[in-house]
Amino acid sequence: MKRQICNLLRIKDTAGVHPPQHKLTAGTVIESAPLPDRVTLLMKQHSGAPAKLLVKQGDIVQTGQLIAEATTFISAPVHATLSGEVKQISSVVHPLTGELTTAVTIVSDGADNWVETVVVDPNGLSREEIIARVQRAGVVGLGGGGFPTHVKLQPPADKPIHTVIANGAECEPYITADTRLMIEDPERVVSGLQIVMRVLKAKEAYIAIEENKPEAIARLRTYLTQLDLPHVHIFILKACYPMGEAAVLIREVLGIEVPAGKRSRDVGVLVQNVGTLAAIYDSVACGKPLVEQVMTITGMVTNPKNLRVRFGTAASHLITLCGGVKPGGDKLLFGGPMLGIAQLSYDSPVVKAVNCILVTQSIKREERNCVRCARCIEVCPMELMPLMYYNYVRNKSYDRLAEYWIETCMECGACAYACPANIPLVSYIHIGKDELEKQKSDD
Amino acid sequence: MKSESPSNHQPPLLLSPAPHLRGRTSIERDMYIVTGALLLPVAGAVYFFGLYVLLMLGTALISAVFSEYICKMMRRRVFHMDGSAVVTAILFTLTLPPRTPLWIVVIGAIFAIAIGKEVFGGLGQNIFNPALAGRAVVGVSFPVHFTEYIAPTTSWLGDGVTTATPLAVGVTPHWDLFIGNVAGSVGETSALLILISGIILIATGLIKWQVPLFFIGTVAGFSFILGQNPLFHILAGGLMLGAFFMVTDYVTTPLTTNGRIIFVLGAGILVVLIRLFAHMPEGVAFSILLMNAVTPLIDRYIRPRPYGYRGRKIGVIR
C-alpha cells in the first residue's frame with residue numbers, strides 16, 4: 001500500500017511508451033494446435049551451452065523422450081515433441097540468433113505416444129528432487145530469455161531469494177498467451193509459484209499484471225482468495241512498455257533498483273514469467289518434459305489464435321491453422337512487434353521461449369538527422385541518453401559509449417519507437433556494444 | 001526442410017531489426033503543430049498592425065524555404081519540406097517591428113536559414129536558434145529600422161503612428177500589455193495569444209511546462225529583487241514569445257529537463273540584466289542566444305542518473 005502511494009506521488013511518470021495494444025486474441029480460448037507431420041528440434045533452445053545429441057538418424061522416439069542432454073550447468077536438455085522416426089540431423093539457421101545450429105527432424109507416426117510420466121504430489125518432494133525434476137524436464141524461461149530455470153532455482157548460499165515476482169505484465173502489443181494462461185489456468189500458475197517459493201524459501205510473492213488485463217486480475221484474485229495465501233499478492237502495474245522487463249518490474253513492484261553490473265538475485269529477487277511457472281508445475285507434479293508452450297499467432301492472419309504449440313513446429317503450419325496470411329503481410333516475426341526477430345522463411349521452426357508468431361506489414365520510413373528532441377531520453381526505462389549512442393556510433397567514437405553506460409541498455413526499443421526522425425536507435429546501440437566489446441578484447 | 005507454404009501467393013519475407021513498430025511521431029508533425037500554434041499570434045499581429053504583417057510573413061516564408069532548398073542543393077543533401085524553415089520564418093517575422101522594410105526581412109530570413117542553420121549541418125546540428133540569429137543580425141546591422149515601432153493601427157496598410165515600445169518608455173497599463181494593444185514587435189505584444197498557443201504546445205506534449213514557467217519565474221523574481229515591477233517585465237517585450245517558442249526549441253537547448261531549467265535560469269537573469277543595464281531596451285533575443293552557446297556545456301554536467309546507479313556519483317563528461 002505504501003509502495004502504491006509512493007508510485008502515485010512520483011513526480012516523474014513511469015518512463016516507457018504506449019504503443020497501440022492490438023490484443024486481437026485477448027478473448028480467444030487457448031486451443032491445442034493439431035500436431036504437425038514433422039518437427040525440427042534445435043539443440044540450442046535456451047541460453048547457455050547447446051545440448052548434446054543422443055539420437056541418430058533412423059531412431060524411433062516417443063513424445064517426451066530425451067533426445068539431447070545438457071552437458072554443463074547452464075544448459076538444458078531437449079525432448080522429442082512428437083513420436084516417430086528421426087529422419088534427419090542437419091544444420092539449420094537458428095530462428096532467434098541466426099547462427100547455424102544442429103537440429104533433429106522427427107517425422108510423426110501420427111500416434112503421439114508419450115513416454116511414461118510419473119505423477120507425484122509436489123509437497124512430498126524435497127528441494128533437491130524438485131530442482132532435479134525441473135532440470136530433467138528442460139524447463140527454461142518462457143518469457144523470451146530462455147534462461148535455464150533450474151539455475152535460477154539454485155542461488156548461491158550467501159544470496160538468498162526473499163521475493164518472487166511472477167511476471168504477467170505481457171506489455172508487448174499483440175501477445176496474449178500469458179493473459180489467457182492466467183485466465184484459463186490460474187491453478188497451474190499459482191501452484192508453480194508455490195513450488196518456486198518453497199524451493200527458495202521465499203517469504204513474499206507478487207503476481208504482477210498490467211492494469212489493462214482486468215479479466216486476468218479478477219480471475220487470479222478470486223483464485224487466491226479461495227486458497228487463502230497471505231504471502232502471495234497481486235500487483236497491478238501501469239500499462240506501459242516495457243513493464244515486463246525484469247529490471248523495470250523490480251523497480252515498479254519493490255521500489256528498488258538492481259545495482260549496475262548485478263543481477264536480480266543479488267537483491268534477493270527472482271522474476272519468473274507466468275508461463276514458466278506453469279511449466280515448472282507440469283514438470284514437478286506431472287513429470288512432464290517441456291514439449292509445448294502457448295503461443296499467440298496473430299497480426300495479418302485470417303483467424304488469430306492462441307495455440308498450444310509443440311516446439312519444432314514450422315511457422316507455416318501454425319499460420320495455415322489460422323487461415324493463412326492476409327494480403328500485405330510481408331514480415332514474419334517470432335515474438336512481439338517490439339522485440340520480435342524477423343524470420344527468413346515461413347518454414348522457421350519455433351523454439352522454447354517463442355510466445356508469439358506475428359505476421360505484419362513492413363514500415364518504410366526514411367531515417368533523418370537527430371533533432372535532439374530528447375524523446376528517447378524521456379521514454380528510456382533505464383534513464384539513459386540513447387541519442388548519445390547514435391552520435392558516438394556515427395562518429396566512430398566507440399570508447400565514449402561507456403561514459404553513457406551503454407551496457408545498462410537492454411535494447412527494449414522504446415527509444416526507436418518514440419523517435420520522430422525514425423532513427424533505428426537499437427541498431428546503433430547494437431553496433432556500439434559490439435565495437436566496444438571488440439576494443440576491449442583488443443586491449 | 002519441406003516447404004509448406006501457407007498460401008500460394010506469398011510475397012518474399014522482409015528482414016529488419018526490432019522494433020517493428022514505430023510511434024506516430026515525425027519531425028513534420030512536430031513542426032506543423034508549432035506552426036498551427038503560431039497562427040494565433042500571427043492573427044493577433046494582423047489585427048493589431050494591419051495586413052502589411054502578412055506581406056512580411058510571406059516574404060520571410062518564401063526566402064527561408066527557398067534558401068534552405070538552395071543550401072541543400074549546394075551541400076548535395078536531400079531537401080525535406082519538414083516545416084522547420086516555416087517555423088523559423090514565422091518566429092523571425094514575429095520578432096520584427098511592424099513596418100520593417102521587406103528587403104530587411106529577406107536578408108534576415110536568408111541569414112537565419114543559411115548561416116543560422118545550414119552551415120552547421122542543417123536541422124538538429126545548429127548551435128544558435130536560427131530565428132533569433134536572423135533577428136540579431138538584422139537588428140545590429142540596420143539599427144535605424146528597429147527603433148520605429150508603431151502603435152496598433154486601424155489603417156490596415158498605412159504607415160501608422162511611430163512611437164516607442166513600452167520597454168523604452170516604461171509605463172503602459174498591464175491590461176493593454178496582456179491583450180497586446182501596445183506598440184512593439186509584430187508578434188510579441190499579445191501575452192494572451194502567446195499563452196494560448198503555449199498551452200497548445202504543452203497539451204500536445206511538444207514542450208515541458210517547467211521550461212516556460214521557470215523562465216518567466218526567473219525574470220519576475222530577478223526583476224523584483226532589483227526593485228522593478230515584475231508583472232511589467234513579464235508582459236512587455238518578447239518574453240512570452242521567447243518563453244514558449246524560443247527557450248523550448250529542441251535543437252538549441254539542453255537535452256534533459258533539469259538542464260533546460262538551468263538554461264532558462266541563466267537566460268532569465270540575462271534578460272533582466274540586459275533590459276536594465278545594457279544599451280538596448282530588449283534583451284530576450286540576446287540572452288537566449290548567449291545561453292544557446294552554453295548548451296553543450298550544460299549537457300556535459302546535467303545527465304540523468306541511469307537505472308542501477310542510485311546513490312552513486314555519476315561524474316561529468318570531460
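Author: We may begin with the nonpolar core. In soluble globular proteins, nonpolar side chains tend to be buried together. A nonpolar core is here a set of buried Ala, Val, Leu, Ile, Met, Phe, Trp, Tyr and Cys residues joined through C-beta atoms within 7 Å. A residue is buried if 20 or more other C-beta atoms lie within 10 Å of its own, exposed if 12 or fewer, and partly exposed in between, with C-beta atoms placed from the backbone. The largest such core has 233 residues, and those with the most contacts inside it are Ala166(A), Ala208(A), Tyr389(A) and Leu425(A). Helix H1 of chain B provides the largest share of this core, nine residues.

Reader: How are the positions named, and on what kind of model does this rest?

Author: This is a predicted model, in which local features need pLDDT of at least 70 and side-chain atom pairs count only at pLDDT 80 or more, while totals for chains, interfaces and linings use all residues. Residues are numbered from 1 along each chain as its sequence is written, and chains are lettered from A and ligands numbered from 1 in the order in which they are written.

Reader: Which residues are in contact with Leu425(A), leaving aside its neighbours within four places in sequence?

Author: Two residues are in contact if their C-beta atoms, placed from the backbone, lie within 7 Å. By that rule, Leu425(A) meets Cys376(A), Pro386(A), Tyr389(A), Tyr390(A), Cys415(A), Ala416(A) and Cys419(A), once neighbours within four places in sequence are set aside.

Reader: How should I read a sheet, and what is the order of the strands in the open sheet with parallel pairing?

Author: Helices (H or I, at least four residues) and strands (E, at least two) are DSSP runs, numbered from the N terminus. Two strands pair if DSSP finds at least two bridges between them. In chain A, four strands with parallel pairing form an open sheet in the order S11-S10-S9-S12. S11 and strand S12 (269-273) of chain A are the edge strands, each pairing on one side only. The twist averages 25° from one strand to the next; axes are lines fitted to C-alpha atoms, for helices over the stretch in contact, and angles run from 0 to 180 degrees between N-to-C directions. Six bridges join strand S10 (residues 204-210) of chain A to S11(A), and Ile207(A) stands opposite Ile234(A) in S11(A). Helix H6 (residues 214-227) of chain A packs on the sheet, where it touches strand S9 (163-168), S10 and S11 of chain A, and its direction makes about 165° with that of S11(A).

Reader: What is the pairing in the open sheet S2-S8-S7-S4 of chain A?

Author: The pairing in that sheet of four strands is antiparallel. Strand S2 (38-42) and strand S4 (60-61) of chain A stand at the edges with a single partner strand each, so one side of each is left without a neighbour in the sheet. Two bridges join S4(A) to strand S7 (residues 84-93) of chain A, with Val61(A) opposite Gly84(A).

Reader: How many residues of chain A are in contact with chain B?

Author: The contact involves 59 residues of chain A and 40 residues of chain B. H9(A) gives the most to the side of chain A that touches chain B, with four residues.
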